[in-house]
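Here's a quick tour for anyone opening this structure for the first time. Have a look at it, and then we'll walk through a few of its parts.

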2 protein chains.
Amino acid sequence: MPHASKPVRPGAAGYAADLAVRGRSEARIISIRNLEIHCQTCSVRELCLPVGLATEAMSELDRLIGHRIRVTKHAALYRAGAEFHFLYAIHTGMLKTSVVMDDGRDQVMGYHMSGDIVGFDGIDNEHYSADAAALEDTEVCALPFSSIENLARTLPSLQRNLSKLISSEMTQDRGMMLVLGSMKAEERMATFLLNLGDRYRRRGYSQNEFELRLTRDEIGSYLGLRLETVSRIFSRFHSAGLIQVQGRTVKLLDLAALKVLGGQGHRNPAIS
Amino acid sequence: MPHASKPVRPGAAGYAADLAVRGRSEARIISIRNLEIHCQTCSVRELCLPVGLATEAMSELDRLIGHRIRVTKHAALYRAGAEFHFLYAIHTGMLKTSVVMDDGRDQVMGYHMSGDIVGFDGIDNEHYSADAAALEDTEVCALPFSSIENLARTLPSLQRNLSKLISSEMTQDRGMMLVLGSMKAEERMATFLLNLGDRYRRRGYSQNEFELRLTRDEIGSYLGLRLETVSRIFSRFHSAGLIQVQGRTVKLLDLAALKVLGGQGHRNPAIS
DNA sequence: CGACTAGTTGAGGCCAGTCAATGTTGGTGG
DNA sequence: CCACCAACATTGACTGGCCTCAACTAGTCG
């Protein structure tokens with residue numbers, strides 16, 4: 001464990017605890033008792049659990065948020081097999097969830113942005129079934145699941161929000177099954193880029209221009225492709241004028257064309 | 001609408017209503033007010049929503065089950081885009097969920113057996129996002145979602161069961177993403193057969209010998225393969241002594257070998 | 001500077017898709 | 001009951017898309 005004591009932004013609120021979950025390198029998790037940030041003032045509350053809640057209800061939810069956690073880049077928020085107690089709402093940053101296989105490779109199951117909630121996979125059997133790791137420095141709100149459940153009993157709107165969030169996770173996963181089950185490499189990539197752009201858009205960022213936080217290898221793992229294929233298709237899209245790529249900076253130049261590629265035409269030949 | 005009035009097992013309890021959702025052929029749905037069957041006496045209650053519930057709680061749940069629905073083979077229980085009001089618990093039979101694409105092909109997202117609950121994908125945006133069709137004559141219990149939600153507020157165990165069932169659906173989907181994203185054809189098939197056997201086992205049937213209810217085409221769609229490939233791998237497994245296939249009757253002869261194929265070794269060469 | 005990680009590009013091979021012909025099964029009507 | 005038809009399944013020959021292996025470049029960090 002090298003660098004175990006290297007200071008990484010020592011507890012901003014004077015309270016820091018290494019949660020004993022650490023990534024492959026010097027990354028670590030720092031728990032912060034944050035006294036100022038509440039759902040009411042959170043920039044992503046419209047995408048997150050409190051969406052549509054009355055202010056009173058929101059305060060109650062607020063009170064449940066035990067703590068914020070800062071996850072440094074490459075560190076793990078939780079690992080597959082760990083006991084499930086919390087859902088985590090992403091405040092800033094980005095996470096990926098993945099399962100590591102016997103041969104060391106990992107399959108990326110999903111990537112998650114601000115407002116998203118991760119950890120639903122742990123409800124089933126009281127243990128998380130995947131790893132969640134930060135793709136960049138990330139802050140999450142820890143939501144004690146049993147408390148949330150309790151509160152949901154008296155707040156139907158919260159209950160409904162919870163259900164909807166899980167359901168939408170499921171819908172997302174189903175969409176991914178479709179991508180993996182029926183699409184060719186170019187279609188997958190187009191779908192991926194459009195989806196990414198759409199999620200940035202809903203968060204108030206540009207739909208057309210953004211920074212990938214995933215490596216080629218992670219994108220490939222997510223899409224069921226090899227990293228070389230990902231790279232090649234980026235190049236192909238680039239020279240076709242569909243996108244502009246410079247390392248991890250991507251600009252979508254022809255949304256319409258990308259939609260034709262990714263939006264439909266599954267298992268079709270045609271694209272060329 | 002051909003055959004709109006052709007009688008198909010006219011309402012056993014003297015009450016039959018065509019729910020206006022019908023399959024590609026003469027199949028249709030018949031609603032039955034069933035006065036006798038309750039969760040307490042249901043053979044799959046241990047796999048279904050009422051698992052672990054106190055008898056009192058179970059009765060309350062019982063009262064919510066508006067009606068049973070009989071779905072004839074090939075008929076649709078619901079279609080993508082239809083308004084979401086019910087979850088459906090499968091009492092007997094088998095369903096597949098799938099999405100139909102522009103070119104007419106459908107991608108099978110999952111198959112569901114007795115005790116399973118389908119329809120979670122509709123919670124998200126009040127509309128189902130997939131079709132659910134019967135692979136054989138099937139009976140389901142219609143669970144009005146809002147009533148279930150209400151009841152869950154006073155029955156924490158029911159609330160928890162609901163959450164767990166959704167979560168386990170998600171886990172299943174994630175597993176499928178792994179299959180589709182990282183496994184080769186033989187690995188997919190082995191995984192599929194083992195999974196199927198396991199699900200039969202948990203329902204008290206033989207793990208090793210069962211009847212496929214899916215066509216080669218549907219299996220292929222589910223696994224991201226073409227039907228020819230499915231057929232070929234069945235033959236290959238057969239001559240390797242791993243299984244015995246006769247049409248849709250399958251006998252697993254070498255579980256250990258199948259587990260080696262499907263259990264791990266993702267994206268590995270090796271298998272030969 | 002050397003070591004390392006990430007990314008690009010090329011050459012070649014293989015797995016699974018495609019196309020096509022034939023066999024099998026099950027349901028329907030004469 | 002059998003003949004017929006349509007749906008389902010099997011098998012072969014060929015093709016091609018993606019993987020594999022490999023070389024090389026660029027950027028980063030000690």
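Predicted model: local features only at pLDDT ≥ 70, side-chain atom pairs only at ≥ 80, totals over all residues.

## Around DNA strand C

Helix H6(A) gives the most to the surface near DNA strand C, with six residues. Helices here are DSSP runs of H or I with at least four residues, strands are runs of E with at least two, and both are numbered from the N terminus. "Near" has a cut-off too: a residue's C-beta atom, placed from the backbone, has to lie within 6 Å of the molecule or strand.

In total, 21 residues surround DNA strand C, and the closest are Thr215(A), Ser231(A), Ser235(A), Lys184(B) and Thr229(B). Two or more residues each come from helix H5 (216–223) and helix H6 (227–239) of chain A, and from helix H6 (227–239) of chain B. Sorted by class, this surface has nine charged, six polar and six nonpolar residues. (Nonpolar covers Ala, Val, Leu, Ile, Met, Phe, Trp, Tyr, Cys and Pro; charged covers Asp, Glu, Lys and Arg; the others, Gly among them, are polar.)

Residues are numbered from 1 along each chain as its sequence is written, and chains are lettered from A and ligands numbered from 1 in the order in which they are written.

pLDDT is the predictor's confidence in each residue, from 0 to 100. Chain A has a mean of 84, with 81% of its residues at 70 or more. Within chain A, H6(A) has the highest confidence at 97, and strand E1 (residues 29–32) the lowest, at a mean of 54.

## Two crossing helices

In chain A, the axes of helix H2 (residues 145–154) and helix H3 (residues 156–182) come within 5 Å and cross at roughly 125°. That's why H2(A) counts as oblique to H3(A). (Under 35 degrees is roughly parallel, over 145 roughly antiparallel, 65 to 115 roughly perpendicular, and the rest oblique; axes are lines fitted to C-alpha atoms, for helices over the stretch in contact, with angles from 0 to 180 degrees between N-to-C directions.)

Ile148(A), Leu151(A) and Ala152(A) of H2(A) meet Leu158(A), Gln159(A) and Leu162(A) of H3(A). Contact means C-beta atoms, placed from the backbone, within 7 Å. By class, this contact has five nonpolar residues, one polar and no charged ones.

Strands E10, E12 and E11 of chain A form an open sheet in the order E10-E12-E11, with antiparallel pairing. Strands pair if DSSP finds at least two bridges between them. Three bridges join E10(A) to E12(A) (residues 249–252), and Phe210(A) stands opposite Val250(A) in E12(A).

Methods:
Contact = placed C-beta atoms within 7 Å.
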